[in-house]
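Dear colleague,

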Amino acid sequence: MQKIWLGIAVIILSAAGLIAPIAHAQETGFAGSAACAECHAAESAAWQTSDHHWALKAPDPLSMLGDFNNASFTHKGITSRFFTRDGKYFIETEGETGKPEIFEIRYAVGHRPLQQYLVETKQGRLQTLDIAWDVNTRKWFHLYPEQDLPPGDGLHWTGPYKNWQARCATCHQTGFDKGYDFATRSYHTQWKELTVGCEACHGAGAAHVSWVRKREGADPYQSAAPKLGPGQQANELDVCGPCHARREAFSQVQPPAGAPFHDNYALSLLTPDLYFADGQQKEEVFILGSFLQSKMKAKGVTCSNCHEPHGGGLVAEGNAVCTQCHNPAGREEFPTLRKADYDTPLHHRHMPGSEVAQCVTCHMPERSYMLIDPRRDHFFRRPDPLQSQAADAPDVCTACHTGKDAKWAAEQIALWHPAGDKTWQDRSAFIAFTQGDRSQQTLASLLDYVRDIERPGVVRATALSMMGGSIALPPADAAALLKDSDPLVRGAAVSALRSLEAQERIALLRPLLADPVRSVSQRAAVELAGAGVAALPGADDKLFTDGLRDFLNARLANADTPESHMAIAGLALTRRQWQQAEAAFATAAEMDPQLAEAWIMQARLRSASGNLDGAAAALESGLKAQPRDISLRLEAAGLEMQRGRPEAAIAVYRQALEIDGQRPDIWVAMGVAALSTQNLDLALSAAESASKVDPAYAEPHLLAAIAHVRRGETEPARAAAQRARELDPSLELPPEIARLLR
């Protein structure tokens with residue numbers, strides 16, 4: 001049934017003229033790293049030991065670091081066995097059927113501090129195993145030791161979130177083309193070089209190699225290759241950024257080296273799921289989002305100022321990496337640097353030569369991913385214990401001084417560096433907003449941050465995105481932000497106009513259909529569709545249609561991920577294309593049955609069309625996959641109320657409360673259902689339970705007031721209504737309750 005829905009989605013999108021055939025035209029003219037080594041021997045020798053060189057390797061005795069000598073590893077009752085046969089490498093482990101299966105290891109990924117392995121579960125489909133090899137301790141370990149996921153779960157190693165081509169491959173290979181066929185769910189992946197070779201960063205070099213060998217005419221490579229090195233920040237961010245960033249690609253085909261980042265990718269903003277509210281990295285965000293926040297980025301520092309690009313190491317040892325610039329003489333390229341001696345106890349206040357006297361310890365704290373892989377934060381923050389504490393984020397000071405608190409650490413820093421200016425990294429308004437503060441002062445502070453063009457664009461864009469509909473963006477600010485020099489800000493501003501009248505929004509957004517950056521023009525088209533625009537006059541209509549097509553094709557380039565189908569469904573909803581939306585939600589749910597929102601949206605669409613049985617079936621399917629999901633149970637209870645079956649709804653609410661009895665909203669919802677059955681005792685009991693869970697919650701008191709009124713108990717009803725109004729003066733009261741307070 002789900003494959004039929006997938007076909008419907010393709011037909012509808014094609015009929016609307018919003019799907020173009022996905023091109024698989026790779027950049028041509030690759031020579032291979034071996035050809036580069038003929039002249040660039042030193043660079044090639046450094047590359048041979050680099051992480052780039054080890055990004056992906058075919059299995060052989062030199063590349064396979066794990067123990068495949070009939071070794072075994074047990075996790076959550078599942079024993080996996082690693083062995084060789086006829087010179088090939090295998091694992092026997094639980095497959096997608098739930099039974100033990102034997103898989104051949106097709107590729108090895110990485111070499112320090114861990115190595116992962118890829119197997120082919122279906123023709124052309126590569127999956128990453130959750131069991132990896134710890135290179136330092138020489139032991140097998142599970143990357144997610146607390147997880148006990150059955151086959152069929154999207155996060156099981158055979159599921160969509162562990163698919164290599166969808167999630168990882170393009171950054172581990174050169175000249176990569178995913179080759180995913182949306183209709184057949186199959187991969188026909190191609191690449192020019194198995195690992196990250198010279199041409200991944202320098203561009204296809206066959207023409208250059210030919211010129212070098214023949215020395216005839218002008219060398220075309222000199223103008224085609226991106227210029228890299230210190231002073232080339234923009235180029236380096238376009239070359240290094242795509243793989244060292246949390247982002248979504250717009251194409252199945254790896255763009256040419258140095259292609260503009262925002263034309264080819266949508267960068268993830270500093271959202272609470274990825275970053276702490278003070279800007280520190282939380283999840284695995286791969287550097288770029290952190291670096292874009294830094295003052296070093298603002299002053300022109302680039303990757304190769306610190307990193308030797310071919311071997312992947314640092315340009316100097318220890319603190320010398322930092323003191324090449326941060327020293328008493330300064331550095332000519334960065335004239336605003338404060339000239340001072342930083343590699344001294346007068347600055348770092350720790351034992352010289354110790355680990356804590358290293359600049360990176362305090363200014364680039366580590367956070368480990370995949371359990372044993374530490375990554376340094378590239379925000380380059382000054383330690384700010386009080387702000388980190390407010391953000392519930394790690395603090396480098398109290399992480400070591402475990403017997404001390406943030407106040408003590410802040411006082412010590414103030415004593416040592418009384419003139420320390422942390423204005424650049426001040427995120428107090430972000431922290432307050434993330435913690436639920438929607439006061440005018442907080443919103444005004446966020447808006448002031450957005451207006452300040454000297455602030456990092458990624459942070460301003462995040463502030464815009466955070467505020468959403470919480471503040472009415474003044475038209476003058478909207479117009480200015482839509483012309484901002486940073487595409488991240490322009491893109492975020494597109495979605496921040498929803499408080500304006502429709503015609504004003506449309507007038508402001510139309511020019512962005514011609515924005516030179518694809519990530520912005522796509523968003524403008526989608527936002528216009530959400531504003532109810534079906535067509536625009538003249539040339540704007542073509543730009544509008546092209547923008548929607550570009551957005552959909554970018555999502556279909558990632559059609560092997562459930563989140564892309566959720567995005568397609570979202571656009572269909574804004575355009576009131578209900579059948580298309582339901583088809584896309586169904587595809588997302590098929591790919592990841594644990595994606596509760598996909599089941600809920602199917603149910604709502606079916607319910608809206610009068611198909612209540614179909615809505616119930618969708619929720620039943622979702623609950624089979626996620627029996628403890630509260631949102632699905634609440635939706636099911638709401639559907640029972642819609643069907644005029646409050647007793648059935650009460651039963652579902654009780655099930656939800658067995659899972660989480662600390663949700664006052666569920667108690668209130670059950671109480672409302674009880675009112676429908678005239679079970680006033682249950683309504684009052686539910687109101688009391690909700691108030692115990694959250695004494696500041698106004699709705700339980702309103703529920704109690706209604707129940708008391710129906711029982712003819714005027715004084716208790718009046719007291720409950722008064723309490724509800726005290727807790728929330730804006731709470732709308734039913735007429736019979738409002739009369740009690742007059």
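A crossing is called left-handed if the near helix is turned anticlockwise from the far one by less than a right angle, and right-handed if clockwise. H33 passes H35 in a left-handed crossing. The contact (heavy atoms within 4.5 Å) involves Val668, Gly671, Val672 and Leu675 of H33, and Glu699, Pro700, Leu703, Ile706, Ala707 and Arg710 of H35.

This is a predicted model, in which local features need pLDDT of at least 70 and side-chain atom pairs count only at pLDDT 80 or more, while totals for chains, interfaces and linings use all residues. Residues are numbered from 1 along each chain as its sequence is written, and side-chain values use heavy atoms, leaving out hydrogens and water.

The whole structure contains 36 salt bridges, each defined as a side-chain nitrogen of Lys or Arg within 4 Å of a carboxyl oxygen of Asp or Glu. In one of them, the side chains of Glu590 and Arg185 meet at 2.9 Å, N to O. These two residues are 405 residues apart in the chain.

Arg490 pairs with Asp515 in a salt bridge, their closest N and O atoms being 2.8 Å apart. Both Arg490 and Asp515 are buried (under 20% relative accessible area; exposed is over 50%, and partly exposed in between, with a 1.4 Å probe and protein chains only).

Glu688 and Lys692 also form a salt bridge, with the closest N and O atoms 3.6 Å apart. Glu688 is partly exposed at 48%, whereas Lys692 is exposed at 64%.

Finally, a network of salt bridges links Glu284, Asp373 and Arg375.

With kind regards

Terms used:
Helix = DSSP H or I, 4+ residues; strand = E, 2+ residues; numbered from the N terminus.
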